[in-house]
Structure formats: structure tokens, C-alpha cells
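This report describes a structural model, with attention to its ligand surroundings, its strand pairing and selected backbone angles.

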Amino acid sequence: MERLDQLLQQMRQRDPGEPEFHQAVETVLRALWPDIENREEIFAAGILDRLIEPERVIQFRVPWVDDQGVVRVNRGYRVQMNSAIGPYKGGIRFHPSVNAGVLKFLAFEQTLKNGLTTLPMGGGKGGADFDPKGKSEGEVMRFCQSFMTELQRHIGPNLDVPAGDIGVGAREVGYMFGQYKRLKNEFTGVLTGKGLTWGGSLLRPEATGYGLVYFVEEMLRQKGSGLDGMRVALSGSGNVAQYAMLMLVESGAKVLTLSDSSGTVVNEEGFTRDHWRALMTLKNEKRGRLSELAAEFNLKYLEGERPWANVSCDVALPCATQNELDEADAAALLKNGCYCIAEGSNMGCTADAVSLFRREKVLYAPSKAANAGGVSVSGLEMSQNSLRLLWTEGEVDEKLHAIMHAIHNACVKYGRDGDHVDYVRGANVAGFMKVAEAMLAQGVV
Ligand SMILES: NC(=O)C1=CN([C@@H]2O[C@H](COP(=O)(O)OP(=O)(O)OC[C@H]3O[C@@H](n4cnc5c(N)ncnc54)[C@H](O)[C@@H]3O)[C@@H](O)[C@H]2O)C=CC1
Ligand SMILES: O=C(O)CCC(=O)C(=O)O
């Protein structure tokens with residue numbers, strides 16, 4: 001442990017002011033430690049030191065002109081974390097909270113997540129501190145074009161393939177792809193999450209939410225149960241939450257909550273397909289707030305609240321942003337009978353919340369396993385682009401199911417503890433082993 005504490009201390013000194021990155025690295029290394037502390041070859045090759053040091057961090061100015069003719073400047077980034085098992089791969093986030101530390105945590109997590117997917121993808125993440133909220137279509141387009149004008153120098157279909165994340169969906173991917181194509185004068189699969197008529201994959205929009213639900217089904221199967229009739233607390237109302245909600249409703253579960261950064265809407269009866277359709281229009285076309293959905297259907301709305309302490313549920317799925325479920329929320333969930341928690345959002349739970357779930361030995365799956373369906377179908381989009389083919393929805397869904405099943409098996413293999421599965425240990429060890437073996441084979445690079 002002394003060696004581990006030293007490593008963590010060095011990291012904190014070297015990268016001060018990056019609390020999310022520190023949290024991610026500490027959680028991973030502590031989970032891995034029992035499996036690697038006696039593997040001298042890992043230390044001799046500096047695998048851990050190299051794993052937590054990005055191969056490259058690109059920071060750039062993103063100037064654009066708003067609708068009033070005023071020049072605005074945002075800060076853009078791409079963290080190219082690790083390319084041991086394939087080209088850098090990971091989303092782009094547009095949110096005012098974006099900074100180098102947040103993107104390093106996301107790129108670090110992405111590296112291990114991609115290692116779990118069974119596909120050949122390295123880890124990366126990018127973004128900007130741009131807030132799309134309240135911006136016009138024209139402003140969003142000009143921002144995306146300016147962002148890509150710089151980013152295009154650093155990415156490519158065999159080098160680094162970005163996709164969406166918070167604040168970046170089909171619309172933004174379209175604007176960025178258009179600008180890339182114009183500047184490079186070539187049509188290549190440089191981004192995933194593309195539209196279906198221009199190189200996208202069926203099921204990519206659905207993949208993170210559907211994959212999360214498929215993973216939860218695997219977890220519940222361990223306990224001899226299924227989703228039918230389960231009471232589920234869900235947070236968020238963006239891409240991941242939308243498709244998790246749809247698949248849960250289709251599977252017979254009762255979805256009790258949705259949330260956005262302003263508050264939570266509660267429906268003790270369970271949301272229906274009609275609510276889902278209204279949510280899709282509200283969030284993806286009108287770009288409105290959840291309070292409007294509550295008003296439209298006369299549902300309970302809790303201003304400024306998160307879902308966790310406000311309903312009793314069997315399953316909790318954080319699907320909004322990092323650290324959105326803290327220790328007090330975790331305690332409230334357990335007190336109210338919740339026994340299965342899986343992260344749709346990257347690092348959705350704080351370190352204290354995770355410790356409590358692990359101590360209490362409830363089913364808890366970290367994001368790198370539970371939300372890997374999105375990047376997996378992105379990997380399948382890359383495969384289809386290389387083949388210049390479009391697979392059917394059935395073909396993609398079958399592959400997504402198989403990948404989530406394989407990830408679950410890997411977690412069980414490395415995380416079994418009697419009749420309990422420690423998914424934190426399982427997911428981290430499995431993802432790490434894949435990346436570490438490739439790094440060992442490739443020498444000190
Ligand atoms: N889109 C994808 O394919 C994948 C997304 N993720 C993760 O899932 C999470 C959600 O991402 P998306 O649904 O794609 O983004 P999105 O932009 O479509 O939706 C984000 C949601 O989070 C909420 N939110 C954002 N910041 C918040 C805050 N500070 N407090 C409360 N709510 C907040 C928003 O209101 C919205 O409901 C993120 O953690 C993302 O990294 C993970 C894997 C893949
Ligand atoms: O589809 C992708 O490449 C990105 C997915 C992503 O950003 C994530 O898994 O967190």
C-alpha cells in the first residue's frame with residue numbers, strides 16, 4: 001500500500017486542481033491493487049505511471065461570433081490518453097464545467113472502458129467550456145465549425161475518432177462532420193454518431209441507454225430476478241436517460257423519475273410511451289426544461305432536487321453527470337430498499353457513495369462497464385464505415401447484446417467474491433489487463 005500511496009501523492013502534486021481526475025485514478029488503482037501488487041513486470045515497465053499520463057493533451061482557442069455580432073472565445077481540448085489497443089476513441093462534451101481535469105478523468109475512464117468492449121479502441125475525450133443552453137441554431141453551428149477548424153489537425157479515422165457526450169448530439173456531430181469534410185476534402189468515418197444517411201449506424205443513438213438496461217438485466221439475473229415490475233429511479237433527461245427510459249418501459253419496469261439540472265419530475269405510476277414521446281420532443285426539438293413536461297402531464301415536480309431520496313425503488317440509474325449521487329443519496333436509496341445501482345453517467349457516484357455500496361454488498365456497477373454500450377456501437381459504426389456497409393438494426397442489437405454480456409462475464413470473472421460480484425474490482429481489473437498487456441508488448445512508448 002505504501003507504493004500505492006506514493007503513486008497517488010505524486011499524481012496529486014503533479015496535477016493539482018484536478019479533483020475528478022484524482023478521484024477516478026484513486027478508485028481504479030485501489031480496486032486493481034490486490035491483483036497487481038505482486039506483478040513486478042507491471043511496475044518495472046512503468047505501466048501505472050504511463051497509464052495516468054495522457055499521451056497528448058491539446059488545448060486551443062475557439063473564437064466565434066454570436067448573433068449580436070460580438071466576438072466570443074471558448075477553450076477547446078482533446079485529451080489523447082492511450083492508444084495501446086487502438087485509435088483514440090471517446091466523446092466530445094460541451095458544458096461550462098469542462099476543463100482539462102474533467103476531460104482527463106473522462107479519457108482515463110474511457111481507456112479502461114474501451115478495453116472492456118472487446119473492440120480495438122484506445123481512449124480519448126474532448127470538449128469545450130461552451131454552454132449550448134440558450135444558443136441559437138446559427139450560434140451552435142458557428143461554434144461547432146470553429147471547434148472543428150482546429151480539431152481537424154489532430155484527428156482522423158485511424159488516429160482519433162470523437163463522438164458525442166453531454167451537450168453534443170446528432171446536431172453538433174453533423175456540424176462538426178460537415179466542417180471536417182470541407183477542410184480535409186474527404187469523406188471518412190472520422191466521427192461516430194453520424195446521421196443514418198451519411199455513415200451513421202443504426203442503434204447508435206439508443207446504444208448507451210439500451211446497453212445500460214441490458215447490463216442491469218445481467219446483474220439482476222445473478223439474483224434470479226428480472227426487470228418486469230421493477231421500480232426504477234432514473235436521473236437525467238438527455239440521450240442516455242431517454243433511451244434507458246424507453247427500454248425500461250418496453251421491458252415492463254416502472255420508471256419513477258427523470259431530472260435535469262433544474263429539478264426532478266416524479267411519476268409514482270410509472271412513465272409511459274406517451275411521456276417518452278413528449279420528452280423526446282421537449283429535449284431534442286424544443287430544447288426546453290423538464291418542469292414543462294411536469295406541467296403538461298400534471299406530474300409532481302421537485303425544483304432543485306435529485307431523484308434519489310424522493311422515491312422508494314429497487315433499481316437506481318444515474319444518467320446525468322459525474323458525482324450526481326453522493327453518500328447521503330446512497331444511504332437514502334439503501335434505506336428505501338434499493339439494491340441495484342448502475343451508472344449511465346461517467347463516474348455518476350461519489351467515492352463515498354461507491355464505498356457504501358461496496359460495503360453493503362448491493363449490486364453496484366461502475367460506468368466503465370454499465371455504459372459501455374454507447375462506445376461499443378460507435379466501434380461498430382467504425383467497422384461499418386471501413387466495410388462501407390450498413391448493418392440492420394437486428395445485427396447491431398445482437399452485437400450490442402453480445403458485448404454487454406461479455407463485459408458482464410469479464411466483471412464476474414475478475415470480481416467474484418463468494419456469491420457476490422464486486423463489479424468495481426471486476427471491471428477495473430478486466431479493462432486494465434487488456435490495456436496493460438498491450439502496453440507491455442509494445443515496449444516503453
Ligand atoms: N451519449 C453517450 O453515448 C454516452 C454518454 N455517457 C455519459 O452519460 C451522461 C449523460 O450524457 P448524455 O445523455 O449523452 O448527455 P445529454 O447532454 O444528452 O444529457 C445530459 C443530461 O444531464 C443533465 N445534466 C447535465 N449537467 C448536469 C448537472 N450539473 N446537474 C444535473 N443534471 C445535469 C442534463 O440536464 C441532461 O439531462 C454523461 O455522464 C456522459 O458522459 C456515457 C457513455 C456514452
Ligand atoms: O461513442 C463514443 O465514442 C463516445 C462514448 C463516450 O464518450 C463514453 O463512453 O463516455
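Helix 9 (residues 239–250) supplies the largest share of the shell around ligand 1, namely three residues. Helices (H or I, at least four residues) and strands (E, at least two) are DSSP runs, numbered from the N terminus. The shell comprises 23 residues, of which G238, D260, A320, S345 and G374 come nearest; a residue is near a molecule or strand if its C-beta atom, placed from the backbone, lies within 6 Å of it. By class, five are nonpolar, 15 polar and three charged. Here Ala, Val, Leu, Ile, Met, Phe, Trp, Tyr, Cys and Pro count as nonpolar, Asp, Glu, Lys and Arg as charged, and the others, Gly among them, as polar.

The model is predicted: local features need pLDDT of at least 70, side-chain atom pairs count only at pLDDT 80 or more, and totals for chains, interfaces and linings use all residues. Residues are numbered from 1 along each chain as its sequence is written, while chains are lettered from A and ligands numbered from 1 in the order in which they are written.

## Surroundings of ligand 2

Ligand 2 is surrounded by 13 residues, the closest being G91, A163, D165, V375 and S378. Two or more residues of this shell come from each of strand 3 (88–94), helix 5 (100–116) and helix 15 (373–387). The shell around ligand 2 contains two nonpolar, eight polar and three charged residues.

An open sheet is formed by five strands in the order 7-6-11-12-13, with parallel pairing; two strands pair if DSSP finds at least two bridges between them. Strand 7 (254–255) and strand 13 (363–365) stand at the edges, each with a single partner strand, so one side of each has no neighbour in the sheet. Helix 9 packs on the sheet and touches strand 6, strand 7 and strand 11, where contact requires C-beta atoms, placed from the backbone, within 7 Å.

Strand 1 (residues 56–65) and strand 2 (residues 71–82) pair in the antiparallel sense over ten bridges. The two form a hairpin with five residues between them, and G69 in the turn has a positive phi of about 85°.

## Positive phi outside glycine

N185 has a positive phi near 60° without being a glycine. N185 lies in the loop between helix 7 (170–184) and helix 8 (204–222), and is exposed, with 6 other C-beta atoms within 10 Å. A residue is buried with 20 or more such neighbours, exposed with 12 or fewer, and partly exposed in between, C-beta atoms being placed from the backbone.

R287, also not a glycine, has a positive phi of about 50°.

Note on methods: Two residues are in contact if their C-beta atoms, placed from the backbone, lie within 7 Å. Axes are lines fitted to C-alpha atoms, for helices over the stretch in contact, and angles run from 0 to 180 degrees between N-to-C directions.
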